[in-house]
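Hello,

Here is the structure I promised to pass on. My notes follow below it, and I hope they are of use to you.

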Amino acid sequence: MKLCKQRQSKNSVLILTSLAVLASPLVLPLQQAFAETLTTVVNFNGTNGANPNAGVFAGKDGNLYGTTSAGGSQSKGTAFKLTGSTFSTLTTLVNFTGSNGTNPIARLFQASDDNLYGATSTGGTNNFGTLFQLQKTTFTNLTTLLNFNGTNGANPAGRLISGGNGSLVGITSAGGVNNKGTVFKIPLTGGVPTVLVNFNGTNGATPLARLQLASDGNYYGTASAGGATNKGVAFKLTPAGAITPYSFSGANGQSPQAGLIESDKFIYGTTSLGGASNKGAIFKVPLGGGTPVLVASFNGTNGANPTAALTKGSDGNFYGTTSTGGANNKGAIYRLTGGTITLLFSFNGTNGATPESTLIQLASGAFYGTTSIGGASGQGTVFKFTP
């Protein structure tokens, strides 16, 4: 009996001691080892590009590809490739010159033919922007597919997506019949685009983000202005070109500038303004269309003014960036769980500032993105974030 009690007494002491150690500051490094970490992959310095507004994407070859809106040999933007185990080796694929486009602000897209496709918001023959192809497999040979002329659109801003049957679908933020932007469709080989939508204010104006082809066969998108209250719209677009807009009121968001994402029979997106604090919001629209419903509001502390789309993580939560807000008001990375926004990381300038692009998650679980300014030279970064 005494032996048994002595063992129990020693075990109690060991348990209490262990609990005390776990509660002490000595184990904080162990706890912090599981905290979120951000690593700067590339610092843009002007020569290798500057001010990336678009995010990177993972090509079929496993490398990362992206664009910068400025910098390069002509200071008019670049397309680049990141290689190596840490993606820290940057190769400039194209220096934009003005005649072949200027100021690419949209993410590149790899089509079914394995070529890369993109847009410049200005430059080209008419200085209204261009569509271009980077030919596989080196992606260093640029072919201009279209020079926008205003009538067929101007100043493309969102990423191109597949339109099926060897075509691309995209948006322009201006131009068209009413000079309020268009949705267009064009063959992969270029040629004359088909204008599917001319925005007119009532159905939206100044679209800035790519379309989302949903599981119901319709396209969904946003326009940053227009609609019933001129606070922007979310819209459904049939393949035949019939558009149905759903207006924002401010309370449920205002001025959407990012692409949409489908999840669990809803279409989710962000607005750069509106919501409870007028610092931006996350909303959802039922698949099939409907008035945007507020999911969560940004308040500055958890981020503000998102211009990037949500990304659904492998854990089932949504992740994203805001261009301002956070601890230093230089932008943030956040997680959305249910209706709760959790701040994960605040940019401080040294490690980047003003992220405007959508995150991507690789098989490793890490997220990659860009900041449009900040970093070692103040001209933007590519970063890796591990939640």
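**Strand E8 and its partners**

Strand E8 and strand E9 (residues 142–147) run antiparallel and are joined by five bridges; strands (E, at least two residues) are DSSP runs numbered from the N terminus, and two strands pair if DSSP finds at least two bridges between them. In this pairing, Leu 131 stands opposite Leu 146 of E9.

A word on the source: this is a predicted model, where local features need pLDDT of at least 70, side-chain atom pairs count only at pLDDT 80 or more, and totals for chains, interfaces and linings use all residues. Residues are numbered from 1 along each chain as its sequence is written, and side-chain values use heavy atoms, with hydrogens and water left out.

E8 also pairs with strand E7 (residues 116–120), antiparallel and over five bridges, with Leu 116 opposite Leu 134 of E8. Five of the five residues of E8 (residues 130–134) are buried, so the strand is largely enclosed by the rest of the structure; buried means under 20% relative accessible area (1.4 Å probe, protein chains only). One side carries Thr 130, Phe 132 and Leu 134, the other Leu 131 and Gln 133.

**Ser 173**

Ser 173 sits in strand E12 (residues 167–174) and is buried, with a relative accessible area of 14%. Its side chain reaches the backbone oxygen of Asn 155 at 2.7 Å; a polar contact is a pair of N or O atoms within 3.5 Å, where one must be able to donate a hydrogen and the other to accept it, and residues adjacent in sequence count only if both atoms are side-chain atoms.

Best wishes

How values were computed
Helices (H or I, at least four residues) and strands (E, at least two) are DSSP runs, numbered from the N terminus. Buried means under 20% relative accessible area, exposed over 50%, partly exposed in between (1.4 Å probe, protein chains only).
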